Amino acid sequence: MEEQFLRSAMLLGESALERLSRARVAVFGLGGVGGYTVEALARGGVGSLDLIDSDSVGLSNLNRQILATHSTLGIPKVEAAKARVLDINPNCRVTVYPVFYTPETAGQFDFTQYNYIVDAIDTVTGKLALVQQAWASRTPIISCMGTGNKLDPTAFEVADISKTSVCPLARVMRKELGKRGIRHLKVVYSREEAMTPQGWEEEAAALGKRQIPGSLSFVPGVAGLILAGEVIKDLALASDENKEM
């Protein structure tokens, strides 16, 4: 057992760490949530990571995104994430896709090659497409609901989409997935009522948006770490009869 993962093996066992080293996980979205997910998956010993995001690091990301530093400004997030992952675990196999995931770009991905999918993207159409593609390939997926305009990181919980309440994004996803015959989806969500930012209407209008969500350094990252924790536990503790890794 490598010393790097010794503390993990003390809790999970060496066979679980071996399963993680053989696992391939795709993370869609590398913002405030997904960046922290990737960080924890890399430190957790996941052997292969596919990273998907079309954005580059910007100044407005510095307050909350782990990939955002002054040294990474202007760099594609997938490249910043790859460099960070390899600096943590040089043996990790990292594949990057500078792609904005939509139903139109979904064909670029073969979900049967993944052991787990993490949905950390913002758009409803993209999230629905991810879930449908995962279900069609029988690949486990976990999806993050809304984290913007919230102050309480302790309010996040893991639940089935059918058991969610309060969160507007979860409500939309539950309704739209139901129309598509999908009744169950593992999600991270919060029942905290979202705040409404004041005084940014002109900026939002200039971007063609109804509202620009506010976000803090300590909220989306917690959701991202919870996502990673669920993936690691599910993969590490899976029986050998589950999907081959």
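R180 forms a salt bridge with E176, their closest N and O atoms lying 3.0 Å apart, where a salt bridge is a side-chain nitrogen of Lys or Arg within 4 Å of a carboxyl oxygen of Asp or Glu. This is a predicted model, in which local features need pLDDT of at least 70 and side-chain atom pairs count only at pLDDT 80 or more, while totals for chains, interfaces and linings use all residues. Residues are numbered from 1 along each chain as its sequence is written, and side-chain values use heavy atoms, with hydrogens and water left out.

**Salt bridges**

- The structure holds 12 salt bridges, and one of them joins R84 to E39, with the closest N and O atoms 2.5 Å apart.
- That pair links distant parts of the chain, since R84 lies in helix α4 (residues 77-88) and E39 in helix α3, 45 residues apart; helices (H or I, at least four residues) and strands (E, at least two) are DSSP runs, numbered from the N terminus.
- E39 counts as buried at 9% relative accessibility, whereas R84 is partly exposed at 31% (buried means under 20% relative accessible area, exposed over 50%, partly exposed in between, with a 1.4 Å probe and protein chains only).

**Strand β1**

- Strand β1 (residues 24-28) is mostly covered, as four of its five residues are buried.
- Five bridges join β1 to the parallel strand β2 (residues 48-52), and four join β1 to the parallel strand β4 (residues 116-119); two strands pair if DSSP finds at least two bridges between them.
- In β2, S48 is the bridge partner of R24, while in β4 I117 stands opposite A26.
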